[in-house]
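Please read the model below together with its sequence. The text after it goes from the overall fold to one helix and then to the ligand.

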Amino acid sequence: MSTKSKKNSSKDQFSSFGFIMAAIGSSVGIGNMWKFPYLAGANGGGAFLFTFIICLILVGIPILLAELALGRAGRGDAMSSFQTLAVRHRKFWGFFGLLSVIAAFLIITFYMVVTGWTFQYAIGSFTGNLYRQTDNAAYFAQFAGGPLPLVYTVITVLITGAVLIKGVSKGIELFNKILIPILAILLVVLMIDAMSLSGGMKGVEFFLKPDFSLFTIESTLIALGQAFFSLSLGMGAMITYGSYVDKSQSLGKATLAVSLGNIVYALIAGLIIFPITFAFGLEPAAGPGLIFVALPTAFADMPFGHVIGGTFFVLLAGAALTSCVSVLEVIVAFVIKHLNWTRRKSVIVLSIITAVVAIPVSLSVGGPIADWKLFGKGVFDLFDFTASNILLPVVGLAVTIFIGYISKKGAEEAKLNPSLHRIWISLLRYVVPVFVILIFLYSTGLI
Ligand code: PHE
């Protein structure tokens with residue numbers, strides 16, 4: 001026992017500020033900066049923002065706190081945290097931890113490919129090459145399907161691996177402590193610049209003024225799915241990070257800080273993208289191409305567009321990298337624990353495997369293997385769909401039930417005051433499961 005507690009106290013873990021930065025780093029990513037603005041654009045602007053915030057409060061925040069509490073009480077990777085806390089049916093609960101590790105693996109492969117695209121766009125902006133294209137859509141398609149993204153994916157893997165090999169406090173924490181504040185400053189600078197464009201205020205109005213005629217069940221479910229992905233829920237990231245948090249830290253406050261940070265970053269991203277979109281007469285609901293196709297058109301005509309565009313893509317790359325770090329750490333922690341490997345060996349082997357699996361993922365985006373289909377989906381879409389639409393809600397539901405009904409020890413780890421605790425547990429028991437089942441049915445096309 002004494003050696004065990006000694007080992008625990010010397011465990012490599014986060015400082016309290018470092019943990020908040022790392023959790024914000026995981027949550028703020030391509031989802032906030034890329035997906036959120038275009039979803040808002042397509043679903044009624046401010047009405048979508050409003051729905052998103054409600055989903056975050058009713059569903060996202062309770063699960064986030066449940067994952068952090070589960071990790072800190074279980075003190076292990078996603079799978080062993082479940083196993084440690086489950087008094088009965090250990091294998092059954094451990095299985096959901098394993099599913100989250102599989103989700104992390106699927107997500108990391110396509111997430112790194114997209115991260116790689118942002119590098120190319122940052123470089124292309126600064127050199128001006130991106131703005132010499134006549135057809136941005138054709139340029140994007142040709143680039144994404146070609147061999148260059150493979151090089152960028154390897155660079156992404158190398159950066160992520162270099163951070164993880166240094167461990168929790170000297171690697172993950174330090175990386176996020178430096179990057180997250182820098183990203184915040186860049187975001188605000190870009191926002192001021194975008195909002196001062198003439199005609200930009202129309203974009204702000206579009207983004208923030210609720211149009212409730214577009215408030216549909218479908219847009220609500222989309223907002224719910226987005227709240228889930230954007231808080232990095234259902235894939236073990238927050239369980240794993242939670243296991244590195246000191247017992248004295250308030251998980252409730254951390255949850256609030258992360259959720260608030262998440263909204264603020266998504267909000268500011270919209271306040272950059274929509275003023276630019278409107279000032280240059282582009283289509284706000286341009287879909288996923290908004291960032292890689294429409295925005296470059298605007299940057300090409302903007303004063304100092306090369307620098308502004310370059311900074312924007314650097315920001316996107318930074319936000320994506322801090323998420324990559326958290327996703328790969330889920331698998332690293334799992335391998336360290338269950339295969340008993342050293343951190344160094346785990347990071348190196350997993351980096352190689354990730355880079356290799358990312359090859360077909362990347363080449364399936366308009367590349368030579370674009371017509372390899374399974375269930376009607378190419379490799380990239382299949383990985384994204386399986387992880388985001390199936391595994392994340394399933395694991396999210398398991399965490400909800402586990403903390404809401406099964407593990408008292410896990411629930412108590414949140415250390416909320418009694419009335420908040422009651423509200424939280426009631427949400428986990430009666431509200432969250434209904435919503436998560438709805439997301440699952442909707443995103444798998446069953447309703
Ligand atoms: N939350 C990240 C984003 O919004 C993505 C992510 C998902 C990161 C799952 C980690 C785990 O981009």
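This is a predicted model: local features need pLDDT of at least 70, side-chain atom pairs count only at pLDDT 80 or more; totals for chains, interfaces and linings use all residues.

Residues are numbered from 1 along each chain as its sequence is written.

The protein has 19 helices and zero strands (DSSP runs, H or I of at least four residues for helices and E of at least two for strands, numbered from the N terminus). Its radius of gyration is 21 Å, close to the 22 Å that the globule rule gives for 447 residues, so the protein is as compact as a globular protein of that length; the radius is taken over C-alpha atoms, and the rule is 2.2 Å times the number of residues to the power 0.38. Of the 447 residues, 54% are buried, that is, 20 or more other C-beta atoms, placed from the backbone, lie within 10 Å of their own.

Helix α8 covers residues 148–165 and spans 26 Å from its first C-alpha to its last, close to the 26 Å expected at 1.5 Å a residue (1.5 Å times one less than the number of residues). Among its buried residues are P149, Y152, T156 and L164. After α8 comes G167, with a positive phi near 95°.

Around the ligand stand 15 residues, with G29, G31, S230, S232 and S323 the closest; a residue counts as near if its C-beta atom, placed from the backbone, lies within 6 Å. Helices α2, α3, α11 and α15 each supply at least two residues of this shell.

Methods
A residue is buried if 20 or more other C-beta atoms lie within 10 Å of its own, exposed if 12 or fewer, and partly exposed in between; C-beta atoms are placed from the backbone.
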